[in-house]
Amino acid sequence: MSDVAIVGVGMHPFGRHDISGMEQGAFAARAALADAGAQWSDVQYAFGGSAAAGNADTLVSTLGLTGVPFINVSNGCATGGSALISAYNAIKAGAADVVMVIGFDKHPRGAFDPQPSDYGIGDWYGQTGMMLTTQFFGMKIQRYMHEFGITRETLAKVAAKAFHNGSLNPNAWRRAPMTEEQILESTMIANPLTQYMFCSPGEGGVGLVLANTDVASKFTDKPVLLRSAVLRSRPFGSFEVFNPSLADQRGNSPSVAAAKAAFEQAGVGPDEVDVVQVQDTESGAEVMHLAECGFIEDGGQEDLIRSGATQLDGSLPVNTDGGCLANGEPIGASGLRQVYESVVQLRRQGGARQVKNEVKTAFTHVYGAPGISACTVLSV
Amino acid sequence: MTVLTETVDTTARAIEAGLFTWPAEQPRLIGSRCKACGLVTFPSTSGCSRCTADDTEQYLLATTGELWTWTVQGFRPKSPPYEGPVDFTPYLVGYVALPGEVKVETLIVGVGLDDVKIGMPMELVIVPFHSSVTDDALVTFAFQPVSAARPAVFTTAANPSNTGA
């Protein structure tokens with residue numbers, strides 16, 4: 001069976017912009033084509049999506065009416081990851097040799113305002129003030145800190161690292177470094193998480209050109225292998241956002257299953273990964289996802305993070321582009337940003353944020369409502 | 001168990017029918033139990049998320065348990081869907097573990113930020129909820145520490161004096 005390579009990547013900077021989300025998607029797509037040395041007419045299949053910025057397939061009127069099959073993907077926070085998995089499967093299935101993946105978004109300012117009925121929950125849940133992702137994140141890390149001894153200082157270190165990495169990334173939204181003290185002393189949003197421990201909904205776009213490895217050399221002499229792309233919904237007993245009740249019996253998060261399957265499919269283990277991008281909607285998420293994805297045992301993050309291992313010059317650099325914390329979260333583009341950053345690191349094109357150690361294998365993990373997780377393993 | 005029915009207008013409508021028994025001397029949350037595997041859920045559902053069976057029965061939940069986790073809602077949620085007070089005060093939410101049954105997500109009243117603790121014994125209370133959108137005087141459910149002194153005025157917010165988040 002064919003293998004899948006990423007031969008071109010493009011990004012519209014994340015942040016706040018005066019152009020539409022769709023235009024940011026077109027910009028990213030064109031940048032990815034240019035990076036691959038490809039034309040839009042070379043693309044045989046396309047998958048794309050946004051949560052709040054329109055139908056991705058509308059982009060054909062900007063990119064060119066080539067008649068390419070273009071499928072819109074809508075899967076919440078895993079929209080980008082789902083588009084990528086669709087492209088991966090299309091190439092694996094032999095349906096196409098060159099596939100474009102586009103994710104973009106543009107959200108209003110402030111927290112997301114999901115409606116209970118979209119999640120099968122009664123209106124009372126929203127009326128009384130429980131329909132907030134921020135509460136879930138606060139409650140999950142609060143419990144985790146209680147069970148595994150993670151401290152608030154560690155949460156602050158995660159955010160400080162994100163803003164430091166963001167300051168070195170020209171495409172990042174938040175480019176000003178912050179001290180741990182500033183982060184700890186900022187407004188309390190959802191105890192124990194303060195304002196600067198949370199990412200914000202934002203804007204941006206990412207495009208990726210994928211190709212069958214048999215034809216990849218036509219576009220690049222440095223293909224990045226997409227060795228696995230896996231999505232899982234939540235298993236029984238997991239602790240997820242927007243749940244009026246949780247089972248008495250505790251189970252694993254969907255990230256555990258997604259990461260395990262991604263590693264198995266790729267034929268590598270977490271110990272072979274050189275650079276990691278995990279969903280850091282807030283500081284605690286990065287801490288917990290490192291364990292859920294198999295990089296450290298529960299509770300081991302406290303020493304790992306204090307030791308500096310997750311920094312750019314550490315043994316396990318995490319969220320090297322500043323993650324969601326420094327880039328914000330345009331839902332359709334967010335998971336693809338992680339893949340973009342992995343390709344940049346694998347090609348050693350990270351400039352000031354390039355990790356110190358050799359990078360042969362990279363891992364990405366996106367998580368979102370109502371309990372979905374998508375992971376990839378990439379290598380050169 | 002004590003329920004604060006004596007201070008709540010028992011003619012006030014429940015925020016949602018089928019969520020808790022109301023009016024009732026000892027209100028209970030209404031969940032469901034899977035007839036095949038016994039899994040308890042709240043609110044009631046027709047299918048079982050554990051064994052995938054589709055035959056459940058009504059099950060009234062225990063009224064006491066332990067606080068499993070909590071957080072503060074530090075900013076006024078967007079409206080819609082939020083219908084709480086326009087003049088916002090941060091409030092506590094959490095999950096209360098009802099032993100052997102289920103963990104219920106709930107507003108937490110009768111305790112402030114300085115005293116709330118994972119593991120503290122909690123009990124069900126019915127509290128007024130005034131919709132700032134429809135102006136309806138409703139009641140909803142919450143949990144409070146078992147030993148909590150009664151606040152003079154019940155609101156869905158936690159004790160405002162020490163939740164200055």
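A salt bridge here is a side-chain nitrogen of Lys or Arg within 4 Å of a carboxyl oxygen of Asp or Glu. By that rule, the count between chain B and chain A is zero. The model is predicted, and every value below is computed from it.

**The interface**

Chain A and chain B together bury about 3,500 Å², and 60% of this area lies on carbon and sulfur atoms. Of the area that chain B buries against chain A, 18% comes from B:W68, B:K78 and B:E105, more than from any other three residues. The contact involves 40 residues of chain A and 43 residues of chain B. Although salt bridges are absent between the two chains, 21 residue pairs are in polar contact across the interface, both residues at pLDDT 80 or more.

On chain B, the side that touches chain A draws at least two residues from each of strand 5 (64-73), strand 6 (91-98), strand 7 (102-108) and strand 9 (137-145). Sorted by class, that side holds 25 nonpolar, eleven polar and seven charged residues.

**Chain B as a whole**

Chain B contains nine strands and zero helices. Of its 165 residues, 51% are buried. Among contacts in chain B with a separation of 6 or more, 56% join residues 24 or more positions apart.

**Strand 7 of chain B and its partners**

Strand 7 of chain B has seven residues, and seven of the seven are buried, so the strand is largely enclosed by the rest of the structure. Its pairings include one with a strand from chain A, as the table shows.

| Partner of strand 7 of chain B | Direction | Bridges |
|---|---|---|
| Strand 6 of chain B | antiparallel | seven bridges |
| Strand 9 of chain B | parallel | two bridges |
| Strand 9 of chain A (residues 245-247) | antiparallel | three bridges |

With strand 6 of chain B, strand 7 of chain B forms a hairpin that has three residues between the strands. In the turn, B:G100 has a positive phi of about 75°. Within this pairing, B:G94 has B:T106 of strand 7 as its bridge partner.

Toward strand 9 of chain B, B:I108 stands opposite B:F143.

Note on methods: Residues numbered from 1 in each chain as written. Chains lettered and ligands numbered in written order. Predicted model: local features only at pLDDT ≥ 70, side-chain atom pairs only at ≥ 80, totals over all residues. Heavy atoms only, no water. Contact = heavy atoms within 4.5 Å. Buried area = accessible area lost by both parts, 1.4 Å probe. Polar contact = N/O pair within 3.5 Å; in protein donor to acceptor, adjacent residues only side chain to side chain. Helix = DSSP H or I, 4+ residues; strand = E, 2+ residues; numbered from the N terminus. Nonpolar A, V, L, I, M, F, W, Y, C, P; charged D, E, K, R; others polar. Pairing = 2+ DSSP bridges. Buried < 20%, exposed > 50% of the residue type's maximum accessible area, 1.4 Å probe, protein only.
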